[in-house]
Every structure is written in structure tokens, then in C-alpha cells.
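Student: I have a model open and want to go through it. Can you start with the terms?

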Amino acid sequence: MSTAGFNSQNGTGTGQAYANGPSQNPVALQQLPGVSYSMTHQPTYNPMQAKAPSPPGPGLYPSGPYQPVPPVSSYQPGPPLSSYPTSPGQALLTRPPMGGPLSHTPPQSASPSPGPRLPPAQATPPPPAVSSSSYYSNPQQPQPMAPAWQYNTAPPPLVPPTSMNTPLRGPVANHVNPAASSTAPPPSSAAYSSAPPAHVSHSATQPPGPRMPPTSVHGYTQPGAAPPPMNPIAPHTYQPSRAPYGPPPTGPPPTMKPTPPPSGPPMANATPPPPKADGTVAGNGPQAPNSYNHVDNKMAGLPQPGPPGRHLGHYPSLPPGYQNASTPHNATSPVHPAMQAATQPYTQAPQPYQQPPVGPGPAQLSPSLAAMSLQSSTPEALRVVNLLQERNLLPPSPIPAPTPCLPQDLQKINCNPEVFRSTLTSIPQTQSLLNKAKMPLGLLLHPFKDLSQLPVVTSSTIVRCRSCRTYINPFVSFLDQRRWKCNLCYRVNDVPEEFMYNPVSRSYGEPHKRPEVQNATIEFIAPSEYMLRPPQPAVYLFVLDVSHNAVETGYLNVFCQSMLDNINALPGDSRTKVGFITFDSTIHFYNLQEGLSQPQMLIVSDIEDIFLPTPDSLLVNLNECKELVQDLLKSLPTLFEKTMETQSALGSALQAAFKLLSPTGGRMSVFQTQLPNLGVGALQSREDPNQRASAKDIQHLSPATDFYKKLALDCSGQQVAVDLFLLSAQYCDLASLGCISRYSAGSIYYYPSYHHQHNPSQVECFQKDLKRYLTRKIGFEAVMRIRCTKGLSIHTFHGNFFVRSTDLLSLPNVNPDAGFAVQMSIEENLDDMQVVSFQAALLYTSSKGERRIRVHTLCLPVVNSLSDIFAGADVQAITGLLACMAVDRSVTASLSDARDAMTNAAIDSLTSYRQSVLTIQQPGLLSPACLRLFPMFILALLKQKSFRTGTSTRLDDRVFAMCQLKYQPLAYAMLMIHPALYRVDDLTDEGALNISERTIPQPRLLQLSVEKLSRDGAFLMDAGTVMYLWIGRNCHPNFLTQVLGVPNYAAVPDNLYMLPELDTAESQRTRAFIGWLRDQRPFFPSLHVIRDESQRKASFMQNMIEDRTESALSYYEFLLHLQQQISK
Ligand SMILES: [Zn+2]
């Protein structure tokens, strides 16, 4: 049933590499020998598989496409091995000429000199076949393929390593490839309508106004009124929202003193500059060699983990409802959701932690290693909880990420769990041990997260392992001053002379004190000599639906105004380019060339054979042509206001946009309001509204066509990412359309029922989201590679990207709001290791044109007992990873399979715990404390929009929810899975946070049950992307008047989505709390005030996941079901 869609396989499942420039990237060829490419996966436990009803075929989860081992053939002969050692960088890279292998591209658009390109067969791959392999064990990986292109053992040359990682750059020729112009037909081409469009339907119904003759500007309606206000926002305020959750839980290294005020001004003011060698100011600008300082301060305002007062006194005592749970404080310490950063140790399981004689790990940390063995022998994480008896398990605030059981010195410098997190914070020694534990092993990443503190190093020597290319990091060991041992492959490397000098302390001879060895997250600026051509400029192309339906929604006004407001805040530099395409049944280009007095509209009506009318003047330098761009933005909303054109040739518009962006790469932002119904990529409605509430399997979760996926892969090959904004009340087949973003590393935004008058709350969301979108940080032509210690293997990725090689993700754009997940298996026994490490390296071009490498390194202990594995389980990370896996499963197998598999995941892990860890058998449904919320989270997933059955759910809503689970960073995904409920009619200042002179009340979390509601109160439910404020029928009049500004319950307006700004303490508290919650995520959750009579009450009630519904079990019933299964 599954073709492509959400089976999370970005690409190469069937061995048909969608090789978008397989030869582009020599990095792909350097591998950890024997590690990540080892194709002999042991059989792995598959929680999604264990007890699921036997699926058709041998396997459930087609892991195929995720273990993309590109066939040898897709790699061009030569480049890998022969050229690898000789070139420091991009010399090897050849990017196919512009145009790429776009199957639907008319012949003449192809570059005349195809150059090194793939045979068409590979360029337009078939939809990924559903592999029958097991989701974890990947038995079908084409093992023999690997050696042919795998990194061989020849040691890399003595060139600066970074260069190897700065690929993705096409050859210079591509950069200036005039293919577009050379292929553009002359103006007289028939297709290039030089008169008002010839379509009968069009001209017949269209008033003369909106359509202008393509080559003239006369039709251009200039708004007579004053220009819209321009908000000269300082460039590069990546401001919008603060990073959602606080900074690293562990204190930054000594030299990084984070003092981020919780919602304060930019860090520049708040952070004392670290000791620096040269005193340069941090920023995106060029830096002097060897300087090292903080950047990204703009995103300031992060709450500091554990500032004084944060944890104190918010919850003076456990609320009555929780007292029966004898939960020690460490597991449920009153940390607010947003304060998860304040990581609390889940467990201090005694680890036989002895200093390995010559093992990995910083040698200087040996004292603490010894100390490990002295830790408490009664880990809270393993406290036995009888779930059937302890009903109030929900802590008053969300549980923090568990702290890996590492020596304090190691843990102190370990990676922030919000950035890099493992489902198991203690890694099993062997795959068979992992299989016994019946828990999924994987990593969750938020690699480009906005950080308030980010050390940046500019150095001509980026120190990496000569064997596996790992970046030097805090978890390597120094054998002496001159030699360091890689913590991933154990090769002993020399310390370069330059590295002996420490710019922080300005001292010599202490390489282990360099910032690279003191920070688990660090960013390098690649020296310019590594680059053969300037990095890509920031290029933004906007593709706008201007059909009748689009105009009806009124979105164009908001878009144009937001662009005008933020035009100076678009990330970029003097090279930034912008362009616009609009479309309905035809494609409209806009000539914005400097010197024109007005923008010039060019209409191409031949959508079957799309071409660029004036290729050189459609993407223009923003600084040079800003006035013309502003003119266009002011005119657009009125330009089409009378259109009657209802058709949508989205596919052709995307093809045109792809052509336009191909020479440079960049970001394509597509705004679509209906089902595309004309030309290539046209779709038909597949949704049967009568089946929305079906308890049977949901159909059409996979794409109807591979057009969007193919185009996305072409885009990926040309460093183009496509972001999709879908604003539609009707079915749009997001399962098909979403592929355009999914495989090109784009983002998807969805505003169902968007209408400028009828749905003001969505208008507000759209406005806020747009502002964030336009101004947030962006990285271009990015790749991310995840390495792990020899013996571990990564095999399945989740998120939006294209898997270019086994561990390399192609990310034409990377944005700070994107999350990723990977699954892992244990290939070789880790029994001689105390710790293992994981390193994610994100290489990108900043909007200022710098090539940068952001490196995160996570270190975790290795354990050899099941109880230690359980003690280190991270229930939220497990839930997040299972959600990703279940999305894949829903698409490739069926929704019911996915649901069964999730239930089985809970059954299996608790069974394993009962059978293998518990020494004394007791009655009841027993769980270790660290997993006590697991059944509840699984039940929440079963009731989540993505996976629920029996409840009316629009297909696009469901598909969008699935998309979100796949690419939302864990913190936001968890809110979507298990919303937070607070009582807010009695907010007090007791225990409140004080942030920037605002007092933020901190009500405690409530269980998601109607039991917890009370008619005389008001309750706020935070479900991540949406919030509900439920007003009880007998709500205290004080709240109604002081917060809502209405005299009584009956007077609460029906569609209230904004709290009035009343000058009362109650109003201020409530708004402060809601505003604070909103500030902690990069998107804008809408707020709906609801009463019993409200239409939206059903949505609110559906989130009461502990309660029974007509189609789903209550939490208690679910527990009984689990118990029944476990005792079988
Ligand atoms: Zn190495």
C-alpha cells in the first residue's frame, strides 16, 4: 500500500539511489571503518514488531529506504577514492548542471551540456518499495554494495579536515551556469504570451485589471495610498522566539558563563564576554583566526537552568493528589516544562565504573570515574511502581531528561539533552542485551537549535581524527601533550602545533583546555582557503497561489504585509537575492531588474513546457532592487483581487521555481490553498468524508504520485529546500504535497480553514509564524553526519531530509526548528568500553556566506545489566522515537499495525522488566519509576490525531500531525502527544518566576482527565500548537470580569481567541503565563477560549487522554489490558 510518503525513507530504499549528485560529496566517502557501514545487523528487538498481528510478508517496517546504501552505480567512477586524498575540499565536487534530472522538464530546458550526470533512470527513481525487512534489523541491506564506495582505509591526507566536509558545493560552473538563459525561448516564443493570456476561460471571466500584459508594466496597479509601514528591523535579529527550552542542563564549561536572563534582552548584553584571545565580538561576521567567542546571542532570553529561585518554592509541597505516590523528589522535582533543562538525575544507579586502563574518556577525569562507584545503590529510576495502584503518577511538572550515569566531570560537559538525546542513557553492551530490554535504541537531535550560548572557533586547523574524521571533542583522551586518542575509532592522533596554544587562557601546552575539548557543542568557521568559490548567497524565492480560492482566503495580504515588515530582517548579506512567482492556471514571473520603474509581470501560459522568460532578472539582489520588491509586495494583493481563475497548476509553478533556483540553490517558500488540479502534479481528492471516523484502517496516507518526491530530490540535488504553507479548508492531499518539503529538508505549515474573516485566530498564527519563518536563522547547502563509536551503527533516520549515504543527511536548508531522530543497533560487543560517544556534525553556509560546522558530541556509559539499562531509560525520548517509527509503520503497513506495535512496545518493555529485572515478584502492573509514564504516553499516542481511530479526523489533519511527530524536536512533540493542563483561575505569585520584571505564575500540571476539571474554575490546556482555555459553567465571576472582561459565563464570546488586556492583576498573571508558554516555542500556538457549548470543546475533550471515550479505552482500562497481556 505504501509507495513513498511517510515511510520516512528519504530515498534510496530499493537501492535506487536518488542520487542527487552522488559525486558531490566526498564526505560521504569517509567512513568510520567497520562501523557505520557494517551491514550485518544483528537481529534487533523491534518494539513495533514484537507482538503485532503478523503482517503480510516477513517484516513490518520497511527499513529499506532508511538504510540507503546507494548502489555503486550511482556513484560516479573515480571521485571517491582517487580524488579524495588530493583535494582539500570542493574541488572534487561536481554538481550536475542546473536543471538537473527533472523528469518533467521539457527537453529544451535541460542544460545543453549535461556533464556528469546520472542516467535518467536514477535521477527519477521509482517510489520506494516497501521493503519487507524488519524495521530494526535491516536484513536486506545490500551489503555487498558497501565496499565499493565505502571509505577505505587509506589515511586521509594531511590537509585540513574541514575541507572534506565542505562539499555540497557545486562546481563554480554551476554557480554561474547560464543554462536557464541559454534554454529560455526567445520572447517571441509562442509559449511566452505577450498578450493577455489566451485562455478563453481566463480572459472571459477576468476583468482587465488584474492581468497585465506581460512585457509591460501598464497593467500594474500601483496602490495609490501611502506605502505600507516598513519596519526597519535590524538585519539578523534572529529574534522571534527564544529557544523553547532552556540552555544546557549542565553548566557550560568554565569559560562560557551563561547568564541568559529568562526572557531578557539579547545575550550580547547579558553575557559577559568570555576570555578571548583577541577580543573580537562574536557574531556571524568574519572572525580573526583563533578567536573564539560566543555567538547566537541574539536568541537570548533563555531561561537559565536552575537560577536561584527557579526550583525553589514553586511547589512547597506535593499537591494532595500526588502525595500518595511516594515519589522521591529527584524524579518529580518541580521543574516547569520549560525548565526541563534543569536536568535532574533520574538515577544514580551504581555503575561499576572503573577507570579503564587505556580506555576512552578524558584522562584528566579519572578521579571522578572512581567516585562513580560510590553512588547510591537505590536508584529512584528503578523504584518499583504498581501502576494500577498509584494513579497520580503525573509529576507536578514535566519530567526532565534523565542524566546519564557518568562521572560528574564528564556529565558536566556533556551535550545538552535538548540538542542531543538518547532513548537509553545507558547503552547496552551487546545487541542481545538490548533485545532483551525490549526498548528502542535511538538518538533524538535538535541540531540547529537556537542557542543562547555557542562557542565559535575560528582556526586554520580544525582538529579531526585522521582515521574516522571525528572532530576533537571533550571525550577524547590525551595520551600526553602531543597525542590524543579518538573516542570513536580509538586511533591515536597527533596534536597539531597550533592546537597547543589555547586562545582562551592564552597559554601554551594545555591542549586539553582548548574550547574544542571543553565544549560538547561548538561551532567552527571553516577557513576561507578551504573554499574554491564563495559560499552560496542567501536566495529566497516565494511561490504564491493567486487563484480565486487563494484570493478568497485573504492570505496574500498577510503575506505581503509580513514581507514588507520583515524585509530588512531576512537573514542575509549584500548578496541576498529574492524573487517571486505567482500562479493559478498559468505561471507569472516578475521582472524586478534594477532600473525598471515598476515590476514587470511576465505570464507563461504553456504550463506543460515551462521555461523562464527572463532568467537573469527574476531573482534579484535584494539591496539593489528593494524598492521594486516593495512595490510588488504592495501591489500583489490587489493585483488578483478580482480573479475568477479557479485552477491551480502548482506542479508547473514548482518546476519553474526549481529552474530559477537551480543555479544558486536557496529556499523556495510555497503558499498553496487548494488541491492542485492542472498540469503536472495534478491531484484528485482521495478523502471520503464518511470514512473520517472509521475505526478501520485509514487509507491514502501515502502519496498519490511520486511527482512531488522526485521534484524534491531534484531540488535537494541543487541545494534547494521547499517549504510548504498550506492554507485550505478543503482536502489538499498533504500526503502527496508534503513530499516536496519532506525530501528537500523543508518545513510544512498547515492552516486548515484559513480565512481572513472567518478564522481570525489562524490569521494570527499565520502572521506570527511568518514572522518567525522570515527572520529565523537559516543554514544553506547543509549536510549533517552522525558518527558513533565503533561497534554502534545508525540505520534509520526520521525527519525531513534526503539520506545521501548511510550516515549523511542532505539538508539544502537547515532551520533552527527542525528535529531529527535516528535508530541504532549494536554491531559489535562493547564490552571493553566504559563509555561510547555520538557526534553530529552539521556543515552549513550561514546567511552571511560563511561555511560553518556545528558539532555536538554526546557521551554515554556502557552497561552490562538489564537493570542498568532500565535505570537509564528516557521515557520521553522513547516515546518520541516510537512515534516516528509508528508514523512509518502506518504508511508502509497500516495504521492498525502501528497501533498494535505501540501497545506492544509498552507490553514488551514492562514484561522484560518484570521477568528480568524484578527480583521479587509482586502482583500488579509493575514498572520502574523511570518508565511509569510510558503506558500513559503510549495511550496518548493511540489517541493522538495521527493514530486515533473511531474519531472523526480529516485526512490532511492526520497527515499533518504525522509530519509534526516526525520533525518536531522532542520537547514540542511531547506537548502534542501529552498536553499540559493547568488550572488558571486561581493563579498566584507564589513560586512564580520573575523574568525581565514580569512575574510568571507556575501552576502545577494536572492529569488529563475530566475529573480534574471543576465547574467553578478555568483551565488552560497547552497542546503544543494550540491552547484551550476552558471556562467552567460556574466559573468564579472574578475570573470572568478580571481576565475575560465579561460580566458572566453566558457573555463569554463564542470565538474568543485573544485575552483582553485588562489592567488587573488576574489578567496580567494569566496573560503573562500564556505569553511565557508561547515564548518557549518557535511557532505560535493559537488560543481558544471555550465553554461547554463551544464547537471546539470536542477537541479539548479529546485530549483528556486518561478518560474513556466511545472509541478508546480509559487509562485505567488500558493498564488492565497491559496487565492482562503481560501475565499471559
Ligand atoms: Zn577516529
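Tutor: Buried means under 20% relative accessible area, exposed means over 50%, and partly exposed lies in between, with a 1.4 Å probe and protein chains only. On that scale, buried residues make up 68% of the 1128 residues in the protein chain. This is a predicted model, where local features need pLDDT of at least 70, side-chain atom pairs count only at pLDDT 80 or more, and totals for chains, interfaces and linings use all residues. Residues are numbered from 1 along each chain as its sequence is written, and side-chain values use heavy atoms, with hydrogens and water left out.

Student: How many helices and strands does the protein chain have?

Tutor: The protein chain has 29 helices and 35 strands. Both are DSSP runs numbered from the N terminus: helices are H or I with at least four residues, strands are E with at least two.

Student: And what share of the contacts comes from residues 24 or more positions apart?

Tutor: Of the contacts with a separation of 6 or more, 80% are between residues 24 or more positions apart. Contact means heavy atoms within 4.5 Å.

Student: Now the metal. Which residues coordinate the zinc ion?

Tutor: Cys465, Cys468, Cys486 and Cys489 do, each through SG, at 2.2 to 2.3 Å. Donors are N, O and S atoms within 2.8 Å of the metal (3.2 Å for Na, K and Ca), and sites may look incomplete because water is not among the atoms. Along the chain, the donors of the zinc ion follow the spacing C-x2-C-x17-C-x2-C.

Student: Why is the arrangement around the zinc ion tetrahedral?

Tutor: Because the four donor atoms subtend angles of 100 to 115°. Four donors count as tetrahedral if all angles lie between 85 and 135 degrees.

Student: Cys465 and Cys468, buried or exposed?

Tutor: Cys465 is buried, and Cys468 is buried too.

Student: Changing topic. What does the span of H14 look like?

Tutor: Helix H14 (residues 626–639) has 14 residues and reaches 19 Å from its first C-alpha to its last, close to the 20 Å expected at 1.5 Å a residue. The expected span is 1.5 Å times one less than the number of residues.

Student: Is H14 enclosed or open, and what covers its buried residues?

Tutor: H14 is largely enclosed by the rest of the structure, because 11 of its 14 residues are buried. Among the buried ones are Asp631, Lys634 and Pro637. The cover includes helix H13 (555–566) and the strands E13 (539–545), E14 (577–583), E15 (587–591) and E17 (620–621).

Student: Stay with E15. How many of its residues are buried?

Tutor: Five of its five residues are buried. Ile587, Phe589 and Asn591 point one way from E15, while His588 and Tyr590 point the other way.

Student: Which strands does E15 pair with?

Tutor: Two strands pair if DSSP finds at least two bridges between them. E15 pairs with E14 in the antiparallel sense over three bridges, and five bridges join E15 to strand E16 (residues 600–604), also antiparallel. E14 and E15 form a hairpin with three residues between them. Ile587 in E15 is the bridge partner of Phe583, and Val604 in E16 is a bridge partner of Ile587.

Student: What about the four-strand open sheet, what is its order?

Tutor: The order is E3-E5-E25-E22, with antiparallel pairing. Its edge strands are E3 (420–422) and E22 (792–798), each pairing on one side only.

Student: Last item: where is Gly651, and what does Gly651 touch?

Tutor: Gly651 is found in helix H15 (residues 650–661) and is buried, with a relative accessible area of 0%. Not counting residues up to four places away in sequence, Gly651 touches Val680, Phe707 and Tyr708. Gly651 and Leu683 are 32 residues apart in sequence and 9.8 Å apart in space, C-alpha to C-alpha.

Note on methods. Four donors count as tetrahedral if all angles lie between 85 and 135 degrees; four count as square planar and six as octahedral if opposite donors are over 155 degrees apart and all others between 65 and 115; anything else is irregular.
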